Amino acid sequence: MAEVNTSPLKHFVAAKKKIGGIFEQLAAYIKESSTFLDETYKNEDLDPITTEEQVSDVKGYLTKVTGISEVLARRHMKVAFFGRTSNGKSSVINAMLWDKVLPSGIGHTTNCFLRVEGTDGIEAYILTEGSEERRSIKTVNQLAHALHQNEELDAGSMVSVMWP
């Protein structure tokens, strides 16, 4: 069982691995079934146990399950939040992460694109577009201050928030 204090991002990674394993097993079973059905369907010495349409359907299921497995195997998965100013995007992300990661409130609190990403480290930091400098942040107030004090950031800039 996972630790109670583990970050939701780490819970997500663990769950994604487990689900990915299940889909890989499912794909193996479907592939085996598809091969069996294909071989028995084409064998004239056997009574037909399936139709050509059913054989084709099983191959389609294999394609779909394989596609899902490939998505789950990706290192990064993206979820996008967008909406008008002060509609609760940052609040929803904070709730999902069980922590006040992003500044929220009335008005323009996050006026650029933000990417929240898990990090294996124990310290939170931000990376701004065009810079490799890790700017340490310990509180949401520091993040809000960093976002508003950087004159190079405009509405189209990308800021990566690396959160443990």
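**Close-up views of a predicted model**

**View 1. Serine 34 and its contacts in the predicted model.** Apart from neighbours within four places in sequence, serine 34 is in contact with Val58 and Lys59. The model shown here and in the other views is predicted. Serine 34 belongs to helix α1, which spans residues 8-42. Its relative accessible area is 9%, and since buried means under 20%, serine 34 counts as buried. One of its two contacts named above, Lys59, returns in the next view as a salt-bridge partner of aspartate 38.

**View 2. The salt bridges of aspartate 38.** Two salt bridges are found in a search of the whole structure. In one of them, the side chains of aspartate 38 and lysine 42 meet, with an N to O distance of 3.4 Å. Both of these residues lie in helix α1, four residues apart, which is about one turn of the helix. Aspartate 38 also forms a salt bridge with lysine 59, where the closest N and O atoms are 3.8 Å apart. Lysine 59 is in helix α2 (residues 52-73) and aspartate 38 is in helix α1, so this pair ties together parts that are 21 residues apart in sequence. Through shared partners, the salt bridges join Asp38, Lys42 and Lys59 into one network. Side chains of opposite charge can pair when their charged atoms come close.

View 3. Lysine 42, at 59%, counts as exposed. Lysine 59, at 38%, counts as partly exposed.

**View 4. The buried side of helix α3.** Helix α3 covers residues 89-96, and within it Ser90, Ile93 and Asn94 are buried. These residues cover an arc of only 100 degrees around the axis, which puts them on the same side of α3. What covers the buried residues of α3 includes strand β1 (113-118). After α3 comes tryptophan 98, which has a positive phi near 55 degrees.

**View 5. Strand order in the sheet.** Four strands make up an open sheet with mixed pairing, in the order β1-β4-β2-β3. The edges are held by β1 and β3 (135-136), each with a single partner strand, so one side of each is left without a neighbour in the sheet. Strand β1, at one edge, is also the strand named among the elements covering the buried residues of α3. Strands of a sheet pair through backbone hydrogen bonds, either parallel or antiparallel.

**View 6. Pairing of β2 with β4.** Strand β2 (residues 125-128) and strand β4 (residues 158-163) run antiparallel and are joined by four bridges. Tyrosine 125 has methionine 162 of β4 as its bridge partner. Further along, leucine 127 stands opposite serine 160 in β4.

**View 7. The hairpin of β2 and β3.** Two bridges join β2 to β3, and these strands run antiparallel. Isoleucine 126 stands opposite arginine 135, a residue of β3. Six residues lie between the two strands of the hairpin, where glycine 130 takes a positive phi near 85 degrees.

How values were computed
Residues numbered from 1 in each chain as written. Predicted model: local features only at pLDDT ≥ 70, side-chain atom pairs only at ≥ 80, totals over all residues. Heavy atoms only, no water. Buried < 20%, exposed > 50% of the residue type's maximum accessible area, 1.4 Å probe, protein only. Arc of directions from axis to C-beta. Contact = heavy atoms within 4.5 Å. Pairing = 2+ DSSP bridges. Salt bridge = Lys/Arg side-chain N within 4 Å of Asp/Glu carboxyl O.
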